[in-house]
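Please keep the sequence and the structure open while I talk.

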Amino acid sequence: MIEAAREALATQGVGAGAARLISGTTEFHTRLESELAKWMSTERALVFGAGYLANLGVLTALAGEKDLVVMDKLSHASLIDGARLSGATFRVFPHKNLSRLEEILKSASGFRRRVIVTDAVFSMDGDRADLEGLVSLKERYDSLLIVDEAHALGIFGNRGSGLSEERGLENPIDVRVGTLSKALGVFGGFAAASETLIESLVNFSRPFIFATAPPPALAAAALKALEILQSEPDLRKKLWQNVKGIGDRHLWGDRQTGVCSPIIPIIIGDEKRTVEISERLLEKGILIPAIRYPTVPRGKARLRLTVSAAHTEADLNQLFQALPEVFNG
Ligand SMILES: Cc1ncc(COP(=O)(O)O)c(C=O)c1O
């Protein structure tokens, strides 16, 4: 990835120089979009300056004053901001409570468009959305479904393209949004959708239209990352071995909420105690950040453990030894 970025830097310079629709589009952007579309098994993809901007851009382009946006309560801040900025009526349903979502949709026939929004994997809890249930409600109530796959890319599915791939639901989901900054290790975001929806983003999505294109060297690095992600499936196997290795240990008893992804929360509750535990772990060479209000609700402070394919057995053993010492000490 470093080499790919270096080569692009040498020929393209550092910045893109202009917005995509002016003169900022390079062959790296168009190749990246076409590879992302293939990977996500969709007609087309559109790259944004960041995952945050992709969410803002998708929601503000697809929802407006006459529309209703209904969102899972634990969705990412960028989705919430996008919904607010869109000017649509904005309702939230309790986390994964599809009966409540259905009640809201049932009484929403007066809106021009209904847009259901969720994370695929929730960023602070690590649990997964019920995509089957959401797709069935979207179809029953003639709505659009937007799924943020940020924490599912590189993790789920044979191609590693997310939870929608694993569940075989790429097609019924209208827009899947992703980031290039997590599993792909670069920077930038994207939306994957039908030709028609992407074309409307090109024409109406302000963070796409009115911002300078991402640096071509980053697009080149992302292309390389995508190639590695698809050609080295053993990395994903190793990741899941590590996730399972941690889940199987039941290290923190009642606090364990179930291990469904590489994001593993350890709910402590009290903010001060959470920070203390995090600091004591750091003294033992282990980084598990303390997550507090406003990222999570008050009283739900937690350690957010994230495991990767790069962690070795020795790393995990170090963790298994340190956690009980810190909790009981
Ligand atoms: C679920 C989710 N969506 C979107 C984003 C934003 O992506 P980016 O960091 O590329 O702006 C993040 C976090 O970074 C996230 O956790």
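Let me start with isoleucine 80, which touches Met71 and Ser75 once residues up to four places away in sequence are left out of the count; contact here means that the C-beta atoms of two residues, placed from the backbone, lie within 7 Å. Before I go further, please bear in mind that this is a predicted model, in which local features need pLDDT of at least 70 and side-chain atom pairs count only at pLDDT 80 or more, while totals for chains, interfaces and linings use all residues. The residues are numbered from 1 along each chain as its sequence is written.

Isoleucine 80 is found in helix α5, and helices in this talk are DSSP runs of H or I with at least four residues, strands being runs of E with at least two, numbered from the N terminus. Methionine 40 is 40 residues from isoleucine 80 along the chain, and their C-alpha atoms are separated by 24 Å.

Now to the helix itself and its partner. Two packed helices are described by the angle between their axes and the distance between the axes. Helix α5, residues 77-86, packs with α4 at an angle of about 30°, and the two axes are 8 Å apart; the axes are lines fitted to C-alpha atoms, for helices over the stretch in contact, and the angles run from 0 to 180 degrees between N-to-C directions. On the α4 side the contact is made by Gly51, Tyr52, Asn55, Leu56, Val58, Leu59 and Thr60, and on the α5 side by Ser78, Leu79, Asp81, Gly82, Ala83, Leu85 and Ser86. By class, the residues of this contact are seven nonpolar, six polar and one charged, where Ala, Val, Leu, Ile, Met, Phe, Trp, Tyr, Cys and Pro count as nonpolar, Asp, Glu, Lys and Arg as charged, and the others, Gly among them, as polar.

Which residues come nearest to the ligand? Of the 14 around it, they are Ala50, Gly51, Tyr52, Ala150 and Thr179, a residue being near when its C-beta atom, placed from the backbone, lies within 6 Å. The shell divides into three nonpolar, nine polar and two charged residues.

Let me turn to some backbone details. Most residues other than glycine have a negative phi, and most peptide bonds are trans. Serine 41, in the loop between α3 (27-39) and β1 (44-48), has a positive phi of about 55° although it is not a glycine. Aspartate 142, in the loop between α7 (131-140) and β5 (144-148), likewise has a positive phi, near 45°, and it counts as exposed because it has 10 C-beta neighbours inside 10 Å. The peptide bond from tyrosine 293 to proline 294 is cis, with omega near 10°, and proline 294 sits in the loop between β9 (290-291) and β10 (301-306).

Finally, the overall layout. The protein is divided into domain 1 (2-231) and domain 2 (233-328), with bounds that come from an automatic or database domain assignment. Their centres, taken over C-alpha atoms, are 28 Å apart, and 10 residues of domain 1 are in contact with 12 residues of domain 2. The side of domain 1 that touches domain 2 has three nonpolar, four polar and three charged residues.

Methods:
Buried ≥ 20, exposed ≤ 12 C-beta atoms within 10 Å, placed from the backbone.
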